[in-house]
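Hello,

Here is the structure I promised to send over. Have a look at it first, and then read on for my notes.

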Amino acid sequence: QVQLVESGGGLVQTGGSLRLSCAASGSITSISIMGWYRQAPGKQRELVAIISSGGSTNYADSVKGRFTISRDNAKSTVHLQMNSLKPEDTAVYYCNGFILPSRDTGYRSYWGQGTQVTVSS
């Protein structure tokens, strides 16, 4: 069974930094795009950043220049380095991956359980 498990959330002051990590586990043949999404209270889940297996990245305008996404294909992990955090970055952050499980014929979208990031003013 494929799982994504996030870690690294917490409480930080405005201007601080956090690093989120997400590890995929289970019987996996391949992982294509991995990314981070977030959902603030009363709002829809939104894209934060995505990265392809080749390292191409895309960011939401609101985090460009402050957040950096990276991945380690050998370890099936994706990370999100968050700097210069603002109160509006407060949300539950979710890891997502398009994964081809073993003994399967197509990629499926998997989500982690989410990790809370709170930025105090």
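**What turned up**

Strands β9 and β10 (residues 108-111) run antiparallel and are joined by 4 bridges. Please keep in mind as you read that this is a predicted model. The two strands form a hairpin with 6 residues between them, and Arg103 in the turn has a positive phi of about 65 degrees. Across the pair, Ile99 has Arg108 of β10 as its bridge partner.

Arg108 also has a charged partner: its side chain meets that of Asp104 in a salt bridge (2.7 Å, N to O). Arg108 is partly exposed at 43% relative accessible area, and Asp104 is partly exposed as well, at 25%.

The whole structure holds 5 salt bridges. Another one links Glu46 to Arg38, with the closest N and O atoms 2.7 Å apart. Which of these two is buried, and which is partly exposed? Arg38 counts as buried because its relative accessibility is 5%, under the 20% cut-off, whereas Glu46 is partly exposed at 37%. Arg38 and Glu46 belong to one network with Arg66 and Asp89, joined by salt bridges that share partners. Elsewhere, Asp61 and Lys64 pair at 3.1 Å, N to O; Asp61 is exposed at 64%, while Lys64 is partly exposed at 48%.

The largest nonpolar core has 30 residues, and Trp36, Leu80, Met82 and Tyr93 have the most contacts inside it. Several strands each supply at least two residues of this core, among them β3 (18-25), β4 (28-39) and β9 (91-101). Met82 touches Tyr93 and also, among others, Leu18, Leu20, Phe67 and Val117.

Ser76 sits in the loop between β7 and β8, yet it is buried, since its relative accessible area of 19% falls under 20%.

Finally, on the surface, Ile33, Phe98 and Tyr107 form a nonpolar patch with about 260 Å² of accessible area together. Of these, Ile33 lies in strand β4 and is partly exposed at 35% relative accessible area.

Happy browsing, and best wishes

Key:
Residues are numbered from 1 along each chain as its sequence is written. This is a predicted model: local features need pLDDT of at least 70, side-chain atom pairs count only at pLDDT 80 or more; totals for chains, interfaces and linings use all residues. Side-chain values use heavy atoms; hydrogens and water are left out. A nonpolar core is a set of buried Ala, Val, Leu, Ile, Met, Phe, Trp, Tyr and Cys residues joined through side-chain atoms within 4.5 Å. Buried means under 20% relative accessible area, exposed over 50%, partly exposed in between (1.4 Å probe, protein chains only). Contact means heavy atoms within 4.5 Å. Two strands pair if DSSP finds at least two bridges between them. Patches are made of residues with over 30% relative accessible area and no salt bridge: like charges are joined within 9 Å, nonpolar side chains (Val, Leu, Ile, Met, Phe, Trp, Tyr) within 5 Å. Accessible areas come from the Shrake-Rupley method with a 1.4 Å probe; for residues, only the protein chains shown count as cover. A salt bridge is a side-chain nitrogen of Lys or Arg within 4 Å of a carboxyl oxygen of Asp or Glu. Lists of a residue's contacts leave out its neighbours within four places in sequence.
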